[in-house]
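Colleague: I have a new model open and would like to go through it with you. Could we begin with the terms and then turn to the details?

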Amino acid sequence: APAQDTAVERTLVLVKPDGVARGLSGEVIRRIETKGYRVVALQLTTATPELLAQHYAEHEGKPFYQPLVDFMLSGPVVALVAEGERVIEGFRSLAGATDPTAAAPGTIRGDLGRDWGLAVQQNIVHGSDSAESAAREIGLWFPAS
Ligand code: RTP
Ligand code: MG
């Protein structure tokens, strides 16, 4: 991947309800800022079914879809926009693998998450997975921006 002439990007990060309930919002923000990214928007909010239907449209019909939506409605989330060179890939790297049991130590999910034997993986954070997803998701969670 290129190390020069890379554009400044923005990505949507969510501290999911498990992360907020466990008091890990500050730890997630600390890791983003310590890496050198900037937090340019930040909001504590509670999702709605309508918002989640759009946010997780790609997963509709999968077995974990309804448990995922129910989980994301179970409490407040911290939504933020992080900015920096290659931040989309960079935050995915900070977050680690989707399955927190398998996620590498050193990552948010690997250090702070584990499997709880529930219907859906509670893995602390979400991060946009492409430039297209980031633009779409920032528009959903920060409609004024
Ligand atoms: P995210 O979208 O939250 O950043 O996570 P991701 O890209 O690593 O994972 P994705 O495949 O987009 O799945 C979205 C979220 O659904 C839950 N999930 N549970 N088999 C399962 O139980 C399962 N698979 C996915 C996780 O919360 C995952 O982050
Ligand atoms: Mg995803």
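Modeller: Let us begin with a definition: helices (H or I, at least four residues) and strands (E, at least two) are DSSP runs, numbered from the N terminus. This is a predicted model, in which local features need pLDDT of at least 70 and side-chain atom pairs count only at pLDDT 80 or more, while totals for chains, interfaces and linings use all residues. Residues are numbered from 1 along each chain as its sequence is written, and chains are lettered from A and ligands numbered from 1 in the order in which they are written.

Colleague: What does UniProt list for residues 8-145?

Modeller: An unreviewed UniProt entry lists them as "domain: Nucleoside diphosphate kinase-like". UniProt positions are given in the numbering used here, feature names are shortened, and annotations may be inferred rather than shown by experiment. Over residues 8-145 the chain is 41% helix and 20% strand, with its end C-alpha atoms 17 Å apart.

Colleague: How many helices and strands does the protein have?

Modeller: There are seven helices and four strands. Their order from the N terminus is β-α-α-β-α-α-β-α-α-β-α. The radius of gyration (taken over C-alpha atoms) is 14 Å, close to the 15 Å that the globule rule (2.2 Å times the number of residues to the power 0.38) gives for 145 residues, so the protein is as compact as a globular protein of that length.

Colleague: Which residues of helix α5 are buried?

Modeller: In α5, residues 87-95, the buried ones are Val87, Ile88, Phe91, Leu94 and Ala95. A residue is buried if 20 or more other C-beta atoms lie within 10 Å of its own, exposed if 12 or fewer, and partly exposed in between, with C-beta atoms placed from the backbone. The buried residues of α5 fall within an arc of 125 degrees seen down its axis, so they line one face of the helix; the arc is that of the directions from the helix axis to the C-beta atoms.

Colleague: Why would residues three or four places apart point the same way?

Modeller: An α-helix has 3.6 residues a turn, so residues at that spacing point the same way.

Colleague: And what covers the buried residues of α5?

Modeller: The cover includes β1 (8-15), α2 (25-35), β3 (77-85), α6 (108-112), β4 (125-127) and α7 (131-141). Just after α5, glycine 96 takes a positive phi of about 85 degrees.

Colleague: Changing topic: which residues does UniProt list for "binding site"?

Modeller: The unreviewed entry lists Lys16, Phe64, Arg92, Thr98, Arg109 and Asn123. Arginine 92 is found in helix α5, whereas asparagine 123 lies in the loop between α6 and β4.

Colleague: Is arginine 92 buried or partly exposed?

Modeller: Arginine 92 is partly exposed, with 17 other C-beta atoms within 10 Å. Asparagine 123 counts as buried, having 23 C-beta neighbours inside 10 Å.

Colleague: Finally, which residues are around ligand 1?

Modeller: They are Phe64, Leu68, Thr98, Val120, Gln121, Asn123, His126, Gly127 and Asp129. A residue is near a molecule or strand if its C-beta atom, placed from the backbone, lies within 6 Å of it.

Conventions
Contact = placed C-beta atoms within 7 Å.
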